[in-house]
Amino acid sequence: MTEDILYRDNFDQLKVCVIIPTYNNAKTLGSVINDVSAYTKNIIVVNDGSLDETEKILSELPFLNIISYKKNVGKGWALRQGLKRATELGYLYAITIDSDGQHFAKDLAAFLEKLETEKNAIIIGSRNMNQESVPGKSSFGHKFSNFWFKVETGINAPDTQSGYRLYPLQPLNKIKFLTRKYEFEIEVLVRAAWRSVKIESVPVSVYYAPKATRVSHFRPFKDFTRISILNTVLVLITFLYIKPRNFLSSIFKKETWRTIWHNHLLHPGEPDVVKAASVAFGVFMGIVPIWGFQLVVAIFLAILFKLNKPIVIIAANISIPPMIPLIIFLSFMMGSFWIGDKAIDFSLTNNITLDSIKQNLQQYIYGSITLAIAAGITLGLLTLILLKVFKRKHTITVQN
């Protein structure tokens, strides 16, 4: 069996297709399609409103599955339409490759090989960005994108801007995407990672044409602004929802408590005072009235003050939903000492609503700050005492 027939069989057996989004790349589109077709005829081309000879080129290749529309919308929209069509055709995976000739069809084999062991993963074709032909703006964008992806997901990925990727279609079908242009390639990675889809990479070759002949539809100001806005939104969602959600889902696992106890609270290389201070500060930040920003500020200040970040994050989650009514009640009770005769009578048995808090916001703010300080100091000292007692018992046990 010849090599090209073997690859075609692999594409068919694994139910993989190749999606080629294109916009005004008539000079390179034909050769890209020709190179890919040597490996598979499972090709979907999305003509994103091209105004050049693209339509004529596609009409001469009857084996293609073509999506075409008159108005240019953006690469993200083209990819979304291609992924939708691939699902409709019964494919389980789709490899996306740009039509500008930057990527090489020979690297399709690397994706198939990786797919054999990673069935539920987005596989990114990682380019060598250290070669001299790489444009300066691409190198900067590469580092910028990788950094924010790590912040948003905690995952180290070597090339989050590469358009050469393999997508598992079933997990992506459950996500309603919002973006339509270049920023889609960031959105799909981050939101898939949030749903526990693995992010893997394979090395691929890359070709950057000389500057005089290079065609790029990336608009530095507009597209970089769009990507920056998206990253801002994703970072906020990460710290206000994703990280707290992940924490709450993990606290019920026994192994998590063992890890916290042994790796953080009993960490021998860190003074007990630092651990106790981390608990105190985390509790303080969990109660202090800066709703929506507590965890973000806590992490930033924990880094600044060189505290134990995992302990701070855990302690800051004292304000989880079951505890909120009690915290609000105690805040109003403590605030009454500062307000005096103007204090409202607030009972824990009452329905605690935003309207009841607004009746005397000053009382709540004063009281919550007081409660945050008192609870932080109390739990910090209690942590310090327990650590000393536990270590003393452990020492006596070892000596005996």
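Trainee: Great. What kind of model is this?
Mentor: This is a predicted model, so please keep that in mind as we go.

Trainee: How many helices and strands does the protein have?
Mentor: Its secondary structure comes to 16 helices and seven strands.

Trainee: And what share of the residues is buried?
Mentor: Of the 400 residues in the protein, 46% are buried.

Trainee: What about contacts between residues that are at least 24 apart in sequence?
Mentor: Take the contacts between residues at least 6 apart in sequence: 74% of them join residues at least 24 apart.

Trainee: Let's zoom in. Where is helix α11, and how many of its residues are buried?
Mentor: Helix α11 covers residues 272-287. It is mostly covered, with 12 of its 16 residues buried. Among them are D272, K275, V279, F281 and M285.

Trainee: What span should α11 have, and what does the model give?
Mentor: With 16 residues at 1.5 Å a residue, α11 should span 22 Å. The C-alpha atoms at its ends are 23 Å apart, which agrees.

Trainee: Which residues does A276 touch, if I skip its close neighbours in sequence?
Mentor: A276 sits in helix α11. Leaving aside neighbours within four places in sequence, A276 is in contact with G380, T383 and L384. A276 and L384 are 108 residues apart along the chain, yet their C-alpha atoms are separated by 5.2 Å.

Trainee: Is A276 buried or exposed?
Mentor: A276 counts as buried because its relative accessibility is 6%, and the cut-off for buried is under 20%.

Trainee: Now the helix pairs. What describes two packed helices?
Mentor: Two packed helices are described by the angle between their axes and the distance between the axes.

Trainee: So how do α11 and α12 cross?
Mentor: Helix α12 covers residues 294-304, and its axis comes within 9 Å of the axis of α11. The two axes cross at roughly 150 degrees. Angles over 145 degrees count as roughly antiparallel, so that is how α11 and α12 run relative to each other. Their crossing is right-handed.

Trainee: Which residues meet there?
Mentor: From α11, F281, M285, G286 and I287 meet Q294, V297, A298, L301 and A302 of α12. By class, the residues of this contact are seven nonpolar, two polar and no charged.

Trainee: What about α11 and α13?
Mentor: Helix α13 covers residues 309-316. The axes of α11 and α13 come within 7 Å and cross at roughly 35 degrees. That crossing is right-handed. On the α11 side, the contact is made by K275, S278, V279, F281, G282, V283 and G286. On the α13 side, I311, V312, A315 and A316 take part. The contact of α11 with α13 has seven nonpolar, three polar and one charged residues.

Trainee: Changing topic: where is K306, and what is its phi?
Mentor: K306 lies in the loop between α12 and α13. Its phi is near 60 degrees, a positive value in a residue other than glycine. K306 counts as exposed because its relative accessibility is 73%.

Trainee: Where is N24, and what is its phi?
Mentor: You will find N24 in the loop between β1 (16-22) and α2 (26-37). Phi of N24 is near 55 degrees, again a positive value in a residue other than glycine. With a relative accessible area of 23%, N24 is partly exposed.

Trainee: What happens just after α4?
Mentor: There, G90 takes a positive phi of about 90 degrees. As for α4 itself, its 14 residues, 75-88, should span 20 Å at 1.5 Å a residue. The end C-alpha atoms of α4 are 20 Å apart, which agrees. Buried residues in α4 include K75, L79, Q81 and L83.

Trainee: Last one! Which residues is L230 in contact with?
Mentor: L230 is in helix α9, residues 220-250. Apart from neighbours within four places in sequence, L230 is in contact with T179, E183, I186 and E187. L230 and T179 are 51 residues apart in sequence and 8.8 Å apart in space, C-alpha to C-alpha. L230 is buried, with a relative accessible area of 12%.

Trainee: Thanks, I'll go and look at those in the viewer.

Definitions and conventions:
Residues are numbered from 1 along each chain as its sequence is written. This is a predicted model: local features need pLDDT of at least 70, side-chain atom pairs count only at pLDDT 80 or more; totals for chains, interfaces and linings use all residues. Side-chain values use heavy atoms; hydrogens and water are left out. Helices (H or I, at least four residues) and strands (E, at least two) are DSSP runs, numbered from the N terminus. The expected span of a helix is 1.5 Å times one less than its number of residues. Buried means under 20% relative accessible area, exposed over 50%, partly exposed in between (1.4 Å probe, protein chains only). Axes are lines fitted to C-alpha atoms, for helices over the stretch in contact, and angles run from 0 to 180 degrees between N-to-C directions. Angles under 35 degrees count as roughly parallel, over 145 as roughly antiparallel, 65 to 115 as roughly perpendicular and the rest as oblique. A crossing is left-handed if the near helix is turned anticlockwise from the far one by less than a right angle, and right-handed if clockwise. Contact means heavy atoms within 4.5 Å. Ala, Val, Leu, Ile, Met, Phe, Trp, Tyr, Cys and Pro count as nonpolar, Asp, Glu, Lys and Arg as charged, and the others, Gly among them, as polar.
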